[in-house]
Amino acid sequence: MLYREAGQYKTSYQSDQAIFPIAQDRWVVWAFVAFAFLVVPFFVNDYWTNAVLLPLLIYGLAALGLNILVGYCGQISLGTGGFMAVGAYASYKLMTSFPEMNMIIVVLLSGGITAAVGSLFGLPSLRIKGFYLAVATLAAQFFLVWVFNKFGWFYNYSMTGQITAPDREVFGFLLTGPSALPWVKYLFCLTLLAVFALIAKNLVRGRLGRNWMAIRDMDIAAELIGVRPLLTKLSAFAVSSFYIGMAGSLLFSVYLGAVEVGEVFGINVSFLVLFMVIIGGLGSIVGSFLGAAFLVLLPIFLKNFMVDGLGMLPTMAKHVEILLMGLLIIFFLIVEPHGLARLWQITKEKLRMWPFPY
Amino acid sequence: MEFLIETILSGLMAGVMYSLVALGFVLIFKASGIFNFAQGVMCLFAALTFAGIMEKTGLPWPIAFVMTIGVMVFVAWAVERFVLRHLVNQEPIILFMVTIGLAYVLEGVGDILWGSDVKVLDIGLPSGASDYMLDNFNIYVEKLEVFAALIAAVLVGFLAIFFQKTRIGRALRAVADDHQAALSVGISLQTIWVIVWSVAGFVALVAGTLWGAKSGVQFSLSLIALKALPVLILGGFTSIPGAIVGGLIIGVGEKLAEIYVGPFVGGAIENWFAYMLALAFLLVRPQGLFGERIIERV
């Protein structure tokens with residue numbers, strides 16, 4: 001009843017090509033953005049930012065990046081953890097070498113450095129395809145983690161081998177370090193995510209995104225109609241790594257504050273982000289966020305439910321949590337292999353017909 | 001010179017252990033096109049179950065071994081019945097992710113059933129250095145590794161006969177060749193999948209037992225799957241000889257690199273060296289050593 005595009009006439013190409021052609025979609029999105037920017041910052045506290053909101057935003061960014069590579073360009077990558085580590089260590093080196101540098105520039109530059117590293121490791125994709133490529137990207141994962149563990153220059157020869165974020169401000173507000181305020185962290189990550197989600201959406205609607213999708217659907221046919229595989233695949237690796245690098249940079253500097261590379265950026269992170277992309281929906285921007293939300297919130301919920309609700313021992317609860325995560329992943333893939341984004345789409349289709357479906 | 005031979009030998013032996021894990025991957029990939037990431041956890045699960053049954057019931061190991069085979073067959077049946085049957089014709093990446101989910105489930109079940117502390121798997125496998133080699137050639141060789149190599153040889157021989165000579169083996173090869181054609185001549189895909197996953201489970205049990213006897217049954221056992229992946233891409237996903245040869249190459253290459261290259265870059269390179277080796281190799285031959293030639297058509 002409420003959700004109809006009937007009567008909304010498009011009178012210009014601009015309105016016809018809008019990201020959300022249906023007015024109700026636009027209102028909901030604007031309301032959501034306004035809520036996230038204007039209401040949430042006044043109510044966040046330490047627990048909410050650290051346990052829920054920051055991981056949600058940061059993993060959302062990483063999932064968005066990986067979705068560009070896997071979902072839009074069809075190149076499976078298991079090197080996400082390694083690339084996030086590049087972002088984290090790049091921002092650490094930038095923060096310690098140039099203390100005056102604005103944090104926004106630090107994060108963007110970290111993304112840029114990761115993009116360079118990512119395109120380097122994307123080179124094999126020109127020759128290797130499918131699962132062979134997936135395993136080959138594991139080389140990046142292990143190699144990068146090893147490099148950051150081995151060479152003292154990356155962690156400024158600190159005794160522990162950890163990197164710790166120094167205090168840095170953005171527009172006069174303390175952003176990193178232990179005494180930073182939750183709402184500053186939240187708003188910083190949210191702004192970056194919103195801006196880059198918009199950029200990603202427009203990238204994939206444009207020429208570049210269409211090239212990516214052509215390569216994904218059939219690379220030989222795409223090559224024949226004039227899509228250049230070298231540029232297209234490498235640009236997908238570069239853009240994806242840029243996002244992932246920013247996510248790694250934020251994860252280190254804003255969220256965790258101190259990082260030990262093997263623990264935080266291990267292979268598990270690569271799988272986690274890939275799960276987010278697949279459960280959320282391959283080739284869907286909103287799906288990346290849904291997937292990230294699902295996999296960030298679910299463990300918290302399960303843990304709280306089992307430890308506090310059922311009074312299970314924490315070690316037992318950990319095992320059960322692993323088991324349930326596995327079961328849920330299998331269940332979701334069986335019920336809807338195209339992910340949460342597809343469910344969302346179906347819901348919208350149904351809603352358009354509601355309440356008179358025939 | 002003796003040191004070099006010793007290094008190469010121990011590399012070969014380590015390679016055999018990798019090959020055993022890689023074999024399980026190849027079996028499943030060949031028969032169903034599924035890249036089974038859970039193979040490593042299946043090794044862990046099998047070894048855990050094996051050790052757990054012996055610990056809880058005190059049965060002698062042959063009986064426990066047979067019981068564990070039973071459990072692995074049950075796992076294979078459950079995987080087919082509750083997971084794969086619903087995912088026929090899905091994209092490979094979806095199936096791949098499902099097997100990661102499966103890895104979580106098996107890990108969780110194993111931990112809940114048998115606890116997560118390190119278990120010792122003592123079934124009287126030979127251990128220590130081989131006196132014969134040490135006395136006559138002054139070369140240090142682990143008995144267990146020689147034993148593992150023998151087991152692997154027997155296993156591969158058994159699999160070769162099974163695939164080439166038996167009726168079921170022929171059906172398996174038919175399915176690997178073309179699902180639809182196999183279906184149309186009356187081969188039941190579902191039965192075949194259960195059989196393949198059971199055989200892979202059996203291979204996982206053997207690999208898990210040998211690895212468990214070597215370094216104790218613990219969670220890190222599931223990480224050997226990550227060691228088997230470069231073996232797999234080096235040898236090709238679809239080739240059993242590839243898994244063996246790839247394992248040997250990776251094993252030897254890794255040991256040699258650790259000794260002759262490692263010191264120059266600060267050591268501990270065994271985590272990624274195998275991958276780099278496999279990657280460099282793939283750039284020359286994208287389908288791996290023995291993989292089927294990739295033919296691309298529009």
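Predicted model: local features only at pLDDT ≥ 70, side-chain atom pairs only at ≥ 80, totals over all residues.
Residues are numbered from 1 along each chain as its sequence is written, and chains are lettered from A in the order in which they are written.

**Exercise 1.** Find out which helix of chain B gives the most residues to the side that touches chain A.

*Solution.* Start with the contact (C-beta atoms, placed from the backbone, within 7 Å): 36 residues come from chain B and 32 residues from chain A. Next, look for helices (DSSP runs of H or I, at least four residues, numbered from the N terminus). Helix 4 (92-114), helix 10 (224-235) and helix 13 (270-284) of chain B each supply at least two residues. Helix 4 of chain B gives the most, with 14 residues.

**Exercise 2.** Decide whether Ile34(B) is buried or exposed.

*Solution.* First locate Ile34(B): the loop between helix 1 (2-32) and helix 2 (39-57) of chain B. Then count: buried means 20 or more other C-beta atoms within 10 Å, exposed 12 or fewer, and partly exposed in between. Ile34(B) has 23 such neighbours, so it is buried. Leaving out residues up to four places away in sequence, Ile34(B) touches Ile28(B), Phe29(B), Leu95(B) and Thr99(B).

**Exercise 3.** Check the span of helix 5 (residues 103-122) of chain A.

*Solution.* The expected span is 1.5 Å times one less than the number of residues. For the 20 residues of helix 5 of chain A this should be 28 Å, and the end C-alpha atoms are 28 Å apart, which agrees. Finally, 14 of the 20 residues in helix 5 of chain A are buried.

How values were computed. Contact = placed C-beta atoms within 7 Å.
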